[in-house]
Amino acid sequence: MKIVAAELRWVQIPLVAPFRTSFGTCDDRDTIVLRVVTDGGIEGWSECGAEIDPLYSEEWLAGVELVIRDHLWPRISALGDGLTAVAVKPALEPVKRHFMAKHLLETAILDAELKGAGMSFGSYLGSVKERVPAGVSVGIMDTLPELLEAVAGYVEAGYVRIKLKIEPGWDLEPVRLVRQEFGDDLLLQVDANTAYTLLDVQHLTRLDEFGLLLIEQPLREDDLRGHAELARVMRTPVCLDESITSARDAATAIAQRACSVINIKPARVGGYLEARRIHDVAAANGIPVWCGGMLETGIGRAPNLALAALPGFVLPGDTSASSRYYSQDLTKPFELDADGCIAVPTGPGIGVDILPDVLAAVTDRVDSLPIG
Ligand code: NPG
């Protein structure tokens, strides 16, 4: 397979409501969509997980564009006719980290390759389910009544699991109220996005009384020792997100007992092939995993759903319906069925068609990558 055209498309799409985490608030989803075209005339698509600012991780969109243009794309081009999705990671290995940039490249190439073979992401990755249960991530709100109203809306819509974003000053009270209002049967978890330190251990253990499924990434991404210490004293299972960027990280964290659950986001770990390796390492250790999200449009959501259908994904993911984020998605919208599940796409590659007019309307700029 050879690439004959490639373009990075900067898009900005309004969110239906602002989304606030412990590291910031976004009103729009800014991202880069990559389109590649093969010598066989097949298009491959992918969506970047990075944001405008390097607050969730060290990557940011302008940096992604730079590292692709100056360091990653020349290595892909050098593969010539020998380009396959499996060849991407080894070719890019000399460039340290930059997982979201690598994910963008590998995913578009995998999409094109699978479309050429008439195979879906699900079949390729080893999906075992036709539909996956959908959870929803609820941002930090200005007031508790606003939070309760938002959660009520999602429960009513049929989401099977609620994740509350927390930070110091917005933790025990919101969790207590949501538990009280929606009862003990609601599957409930929290996500701190690294907002706490080991000094907060006593405070965090007070979350134990609320029967949470898990607490996600309470401490800094590089603090595995701290997570292990916390996991020893907390009854609530500790889940890692930001700390895990590879199967090796997963194996280390599990060996150190720093987590008993892992959130797998393909964008954070360099793509679907590494995501599947993490799944395999976790499964071999009896560690449950679930699929996280980065507010993806349908372009990124479709392959995430395929990943979430692998057998080790035993907890509902942040694989919500399109309407959770966008009034107009870039693909046909993903919708919840009566059981709170979303169907895994079955068509070749990512299995969804991009709506060209919608994409054009939200595109700020298109930059071509050099060919040959
Ligand atoms: O449903 O796609 C979604 C969002 C889920 O909370 C979510 N994502 O920390 O996991 C996270 C958070 C996030 C959003 C992280 C955007 C980075 C960017």
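**A nonpolar core and a parallel sheet**

In this predicted model, the largest nonpolar core holds 118 residues, of which Ile68, Leu164, Leu207 and Ile262 touch the most other members. Helix α3, spanning residues 99–117, gives the most to this core, contributing nine residues. Residues also come from both domain 1 (3–118 + 355–368) and domain 2 (123–343), so the core lies between the two domains. In soluble globular proteins, nonpolar side chains tend to be buried together.

Not counting residues up to four places away in sequence, Leu164 touches Val138, Leu147, Val151, Pro174, Val175, Val178, Leu188, Gln189, Val190 and Asp191. Val138, one of these contacts, stands opposite Leu164 in β6. Strand β6 covers residues 161–165 and pairs with β5 in the parallel sense over four bridges.

These two strands belong to an open sheet of seven, ordered β5-β6-β7-β8-β9-β10-β11, with parallel pairing. Because β5 (135–138) and β11 (289–291) stand at the edges with a single partner strand each, one side of each is left without a neighbour in the sheet. Towards the β11 end of this order, helix α10 (residues 272–284) lies across β10 (261–264) and β11, and runs at about 170 degrees to β10.

A further position of interest is Pro303, which lies in helix α11, residues 298–308. With a relative accessible area of 2%, Pro303 is buried, since the cut-off for a buried residue is under 20%. Leaving aside neighbours within four places in sequence, Pro303 is in contact with Phe121, Tyr272 and Ile350. The C-alpha atoms of Pro303 and Gly40 are separated by 22 Å, and the two residues are 263 residues apart along the chain.

Definitions and conventions: Residues are numbered from 1 along each chain as its sequence is written. This is a predicted model: local features need pLDDT of at least 70, side-chain atom pairs count only at pLDDT 80 or more; totals for chains, interfaces and linings use all residues. Side-chain values use heavy atoms; hydrogens and water are left out. Two strands pair if DSSP finds at least two bridges between them. Contact means heavy atoms within 4.5 Å. Axes are lines fitted to C-alpha atoms, for helices over the stretch in contact, and angles run from 0 to 180 degrees between N-to-C directions. A nonpolar core is a set of buried Ala, Val, Leu, Ile, Met, Phe, Trp, Tyr and Cys residues joined through side-chain atoms within 4.5 Å. Buried means under 20% relative accessible area, exposed over 50%, partly exposed in between (1.4 Å probe, protein chains only). Domain bounds come from an automatic or database domain assignment.
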